[in-house]
Amino acid sequence: MRDAIMQALQAAIEEVNETRPRNARISTDPNTPLIGVEGGLDSLGLVNFAVTAEEQLDSALGCSLQLSSLIGMSVAESPFRTLASLADYVATHIEVP
Amino acid sequence: VSAALRVLVLSDFNVDNLCGYLRNDFEERGAVVEITAAPFGQLVRALLDESMDCWSTAHDGALVWTLPEAVVPSFAKLLDGHRVALEDALAEVQSFAQALKVAAKRVKWMYVASWAAPRLPSLAFGSLEMQPGIGVAATLMSMNLALCEALRDSGVTMLDAGRWLRGPSAEVFSAKRWYLAKVPFGNAALREAASDIAEAIRNRLGRARKLVIVDLDDTMWGGILGDEGWENLRLGGHDAIGEAYVDFQRGLAALKQRGILLAVVSKNTEAIALEAMRKHPEMVLRPEDFVGWRINWDDKARNIVELVKELRLGLDAAVFLDDNPFERARLAEALPDVLVPDWPKDPLLYRTTLASLRCFDAVALSEEDQERTKLYDQERSRTANRDAFASVEEWLTTLGTVVRVEPLDSSNLARVAQLLNKTNQLNLRTRRMTEAELSRWAEQPGCSVHAFHVSDRFGAAGLTGILGLQIRDGVATIEDFVLSCRVMGRKVEETIVHVATTLAREGGATRVQAEYLPTKKNGPCLAFWQQSGFASEGATFVWETVADYACPEAVKLERSST
């Protein structure tokens, strides 16, 4: 299940990358920082990624998860630190119908 | 697009994602385009106030995309369930149109997206949606029509946003993105919009495709002609597949009506293929609908190169449609400038796929566009005739070429601007100007623009040449020397130069100069000037008007003063 989650999140990153300059694209490596000083996503990028990730998870796994409600959390607490941390969060909170 | 292009996007919502898609669309095609978003909370001010930061840089063009409820307050009230007078909504549309026209003066061109739907689905009137003056959908249609009418002939072009926003509302609109970032649309809709808008911008710059080259077997009709005979092809009849091929051909015929040229490149025996095209009762397209064909067993890439050369077009004007993925891959690799779209395996999807190609969009449609195939037919007759003469000079004399020159005026402005903006090969300086810019330039002291109509005993080629001349301090500078490739090599070039030198002398100039600005495509123009008889000073060609530059004997020149 975690692999499927990671694939959906990576697909979301690729979709978001279509709006970004070639030299500012986010790596799909699970450990790449997404937010904070070292992360590549600004506030709009994070919103786009969070909503796109929800859509991808819904489409791939049929699960409904409100990731966008986590956007305001501090960097230290946020599941959006890396793809790996987000996949862990999703795996523990997912409710597949 | 080789030069940097600056585009300003004005909207009442957050267009950062749209701008990202647009930048990447251009970048993938190797174009340098700077896309800037104006602040999205201040749309009307940004349209009206030239002192705003977003106008501090000169932009070539602008795109305006708004939500209808944001710019038409009466429409917002209607969405809230109030009854409003349609006249009030339409008056507000007029005000918006005025603001657009004010902003349009700061750029060379402006695109405005039509209003496809409000951000929030309408709840108020249910089955009365289409009731005039009451329904949201009916009001929106009236508003779009009013905006279209208000912008007619203003130089502002409306784009059909309905093409980008088709599909279930929940997929097109993204409530989450709106509430979190003021982006009303989902990524798929924005990607579609960016692709369409980028194509419209490229087409404005003269990059629209002009020629569709089609394969025959399993593309134009179902089946292999050589194996099955024309009587057994799947085309028309009470057959889903046959019907789909007929619809595909009707789609190609519709493109032809809009001035797109059709041609055939197919591995077949020519005589058999032409017989099928002539005799099959359900063929929509007959041989005379095509400007040329290469039906043989040679390499298709080589055939296409020859055919395109014969039609005096560039490879980047051509689109190649073929059901065979091998042939498509070969073409895409051998001739990367030719557009080779992915083609579905299922013939039932051919017509839809053809309709999805945006590469044919034109900024304007002229009568000559609609008759272009006929014009090429005439050219074929001329070329066939040319072979019968020993020398080109002799052949030209028999053509009875008449060149009529007239000054720029309201009756020819649209066609002159269209020719100026789409001609690449025989174009001295490749100036791209809107109708308004061209008109303003021609009204300046010492400046004049002249349109050239060409005809001969085979028919009229129409308005095919432009001369832009500026006379100052005894020197006449040729700003525009433009000729359609349809009449290249028929002494019309020399006739335009004769007119330029004559006008220069009449205007008191002693020297005429033409500075050649190279582009990737205007090599033929340099070749003409190098043998024009003008003295060469680097890239500038010079003539002293003390000497007469004779009008070619093969041409009868008619000058019209009005």
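This is a predicted model: local features need pLDDT of at least 70, side-chain atom pairs count only at pLDDT 80 or more; totals for chains, interfaces and linings use all residues.
Display its surroundings, leaving aside residues up to four places away in sequence: A:Q56 touches A:A8, A:A11, A:A12 and A:E15. A:Q56 and A:L9 are 47 residues apart along the chain, and their C-alpha atoms are separated by 7.1 Å.

Next, bring chain B into view and select the residues in contact between the two chains. Chain A contributes 18 residues to this contact and chain B contributes 16 residues. On the side of chain A, highlight A:E18, A:T19 and A:L44, which supply 39% of the area that chain A buries against chain B, more than any other three residues. The area buried between chain A and chain B is about 1300 Å², and carbon and sulfur atoms give 47% of that area.

To inspect a salt bridge, select A:E54 and B:K176, whose side chains meet at 2.4 Å, N to O.

Colour chain A by helix. Both α1 (2-17) and α2 (43-61) of chain A supply at least two residues of the side that touches chain B. The largest share of that side, seven residues, comes from α2(A). Coloured by residue class, the side of chain A that touches chain B divides into five nonpolar, six polar and seven charged residues.

Move on to chain B and select strands β1 (residues 5-11) and β2 (residues 33-37). These strands of chain B run parallel and are joined by five bridges. B:L5 can be found opposite B:V33, the latter in β2(B). Trace the chain from β1(B) to β2(B): the path passes through helix α1 (residues 16-28) of chain B, and this β-α-β crossover is right-handed.

For the last stop, consider salt bridges throughout the model. Over all chains, a search of the whole structure finds 32 salt bridges. One to select is formed by the side chains of B:D60 and B:K108 (3.4 Å, N to O). B:D60 lies in the loop between α2 (43-48) and β3 (61-65) of chain B, and B:K108 in the loop between α5 (86-104) and β4 (109-113) of chain B, so the pair ties together parts that are 48 residues apart in sequence.

Methods
Residues are numbered from 1 along each chain as its sequence is written. Chains are lettered from A and ligands numbered from 1 in the order in which they are written. Side-chain values use heavy atoms; hydrogens and water are left out. Contact means heavy atoms within 4.5 Å. Buried area is the accessible area (1.4 Å probe) that two parts lose on being put together, summed over both. A salt bridge is a side-chain nitrogen of Lys or Arg within 4 Å of a carboxyl oxygen of Asp or Glu. Helices (H or I, at least four residues) and strands (E, at least two) are DSSP runs, numbered from the N terminus. Ala, Val, Leu, Ile, Met, Phe, Trp, Tyr, Cys and Pro count as nonpolar, Asp, Glu, Lys and Arg as charged, and the others, Gly among them, as polar. Two strands pair if DSSP finds at least two bridges between them. A crossover is right-handed if, with the strands pointing away from the viewer, the path from the first strand over the helix to the second runs clockwise.
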